[in-house]
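The points may be read alongside the coordinates.

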Amino acid sequence: MRKVFLIISREYLSRVQKKSFLIMTFLVPTLLIAMYAIIFLIFVKGDNEVQQVKVLDKSGIFNNHFKNQKNLNFTYIDYALVIAKKNLNQHKESFLLYIDANYAKNGNIQILSQKKPGLNLITDIENQMQTILQTQRLLAAGIDTAVLNQAEAQFSITAKQISEEGEKDTSIGATAIIGFVTSFLIYMALFIYGAQVMRGVIEEKSNRIIEVIVSSVKPFQLMLGKILGIGAVGLTQFLLWIILSTSLTSAASFVLVTDGGNIKDKIAQKSVTTNGDNKVNELPNNPINNVMKAIDTLDFVYIISCFLFYFIGGYLIYSALFAAVGSAVDNETETQQFMLPITLPLIFTFIIGMNVIINNPDSSLAFWLSIIPFTSPIAMMIRIPFGVPNCQLALSVVLLVAGFVFTTWVASRIYRVGILMYGKKVSYKELVKWFFY
Amino acid sequence: MLSIQNISKHYAQHTALNKVSMEVQRGQIFGLLGPNGAGKTSLIRIINQITAPDEGQIFFNDKKLNQSHIAKIGYLPEERGLYKKMEIGEQLIYLARLKGLTRADAFAKTKYWFIKMEMETWWKKKVEDLSKGMQQKVQFVASILHQPELIILDEPFSGFDPVNAEVIKNEILELNKQGATLIFSTHRMESVETLCQHIVILNKAHKILDGNLNEIRNSYRNSSFKIVVDNPFTQTNFENFEILSTTFLNECWQYYIKLNEAANLNQVLLSIIPQTQIISVQEIIPSINDIFIERVTPKAGSYA
């Protein structure tokens, strides 16, 4: 045990003292904050471009009924189509919406412009026209506008989750983001630190120091020491990132709030200035509030401890496999053929996770992926923010522990033979043979 | 101190060792010789407990070889290697600690050897900044730092320039005087001839020779001599000896002769002296290499 500890401390210290470790430690949170800031700026400032739509309504039904939106501004004209078209040539940025007098029969509604209209623009206009028509028809049927306004329900769905502690506000968006980010981090970490283990093994093998070392310690002790040492580097990095980014974000949001006045005010002002009609923006929840609220409802201690557990478990499984691969080859270029079966379950889970699990976290596919040890570190992390039954979590944890004990055992049998083999192109058959030595 | 009994080791396609046994006495300088692929490295790896034998047993100081013996064995592998990016001082301390030394002890011993080997200025250097010869020196120190009772050196002199080889040789002899037992393993048999007291020759997984070096060589003496004279013999037929070959070199005549049964050198010289001036006489003792070649290919041997 003393020797394993010695190896751990060498592996750990030799990496933590590197310049690249320091750079990574500070660079990543800085980039994260920068990304956060950019998203924030886009959110607050919004899409500055307001598109001008000139409405030429020959039917007279839609005149003065379009509502201005954040990025849409309607004006009404009454020229002949030819003149309007000519004008359009001078105002390159604006759109001309032409509604024929007989549009209901011949369906002649056109949007004319020099640049191509976006899909959003057309959908927005179509939606508005539909609403206007409905209102017109209701009025024609004798229903009062005041009654109509009352009847028009303005709402957005608030998702509430019923649990033992009572109802909780949830936001699918924020939950999905947390699941995405944590599983993505695990996915990246397994690759980065697994590859480091592999490279470390190859380095010892190609430096030929391996024979000196294994004449002092058992190959298993060396492999274990290397895996745990590099794992500790990964944990240190994550902890530093968590500490740095939380302190940086809180500092940043503090500066933003005090510097720029109240953010909510700012957003409100923005909507007032860009919208003639306030009503459109009077949604009960604005998006930022939603996210903030949702983040408040998530149990971060629970998520972070799950994250650390699944990182460690997944790392132990995959780094043992990476170590076995490293032991089987003479240099890094030869690793390709063995890498695929290792990386495939990771990539597969990640892609499935981002598309299926995130949309349906309780499906049976999601269940199985979050139980199988090779896929559970990623799959389970996506599900955890949505809430996972304790018995499933326990099963997954037990299987993950069993999984890494098993893979470490298998890997160490290949490793102990592989590290002393030089100059041999190794096949899978060979690996199986080594295992049974 | 080391008793190797009936060790066999098989790999998938070939047998590396076939029922090999040998005894290494305490304080001995022991030569483990044989051509490439004879099984030397396999045997050394088994002694170092890097791999396990398929059959047979090894006893170290009369106890079955176990993990506690690791600290008592020093090993210089044929394939030399160190961590390229690690400082040499730290590296040596690390390797010594892996052998079981405390940090303070490892530090003191490293310091001692740095001064002894005149490498004080290398402490903070990295291995990649050293020349190949310097790396070999560091590697040698790494294998003996923990004061092992048994030192196994695989091809110890390969990679050294003559000056450093001499330095290492003297260190090895000094360690031997202090009580360490040494095993040399090499395929360059002439390189250890002057050092070893006892040799074992392996060939194709089998032990083909085992014994005291001088006894072996004496048993292979076949009364051949090299006689250098200033003028050629006038006579070509002698009753005491026969001439194997004659060469003219550096204004002198060199005769390789073989004594006939029951003849001795004095009689030979008596019959030559009237004919020419003798410059030197030397007995031809077979080298280990000759003995090895003879053992492996008995028919082609020049002394058969």
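The numbered points below concern salt bridges, their surroundings and a domain assignment.

1. This is a predicted model, in which local features need pLDDT of at least 70, side-chain atom pairs count only at pLDDT 80 or more, and totals for chains, interfaces and linings use all residues. Residues are numbered from 1 along each chain as its sequence is written, chains are lettered from A and ligands numbered from 1 in the order in which they are written, and side-chain values use heavy atoms, with hydrogens and water left out.

2. Over all chains, the structure holds 19 salt bridges (a side-chain nitrogen of Lys or Arg within 4 Å of a carboxyl oxygen of Asp or Glu). Side chains of opposite charge can pair when their charged atoms come close.

3. One salt bridge joins A:Arg383 and A:Asp362, whose closest N and O atoms are 3.6 Å apart. A:Arg383 belongs to helix 15 (residues 376-383) of chain A and A:Asp362 to the loop between helix 13 (336-357) and helix 14 (364-369) of that chain, so the pair ties together parts 21 residues apart in sequence. Helices here are DSSP runs (H or I, at least four residues), numbered from the N terminus.

4. Buried means under 20% relative accessible area, exposed over 50%, and partly exposed in between (1.4 Å probe, protein chains only).

5. In chain B, B:Glu171 and B:Lys116 form a salt bridge (3.7 Å, N to O). Since B:Glu171 lies in helix 5 (residues 162-177) and B:Lys116 in helix 3 (residues 103-116), the pair ties together parts that are 55 residues apart in sequence. B:Glu171 is buried, with a relative accessible area of 9%, whereas B:Lys116 is partly exposed at 28%.

6. B:Lys116 also forms a salt bridge with B:Glu174, the closest N and O atoms being 3.4 Å apart. B:Glu174 is partly exposed, at 31% relative accessible area.

7. In chain A, a network of salt bridges links A:Arg10, A:Glu11, A:Arg15, A:Glu204 and A:Lys226.

8. Chain B is assigned domain 1 (2-218) and domain 2 (222-284), with bounds that come from an automatic or database domain assignment. Taken over C-alpha atoms, the centres of these domains are separated by 44 Å.

How values were computed
Helix = DSSP H or I, 4+ residues; strand = E, 2+ residues; numbered from the N terminus.
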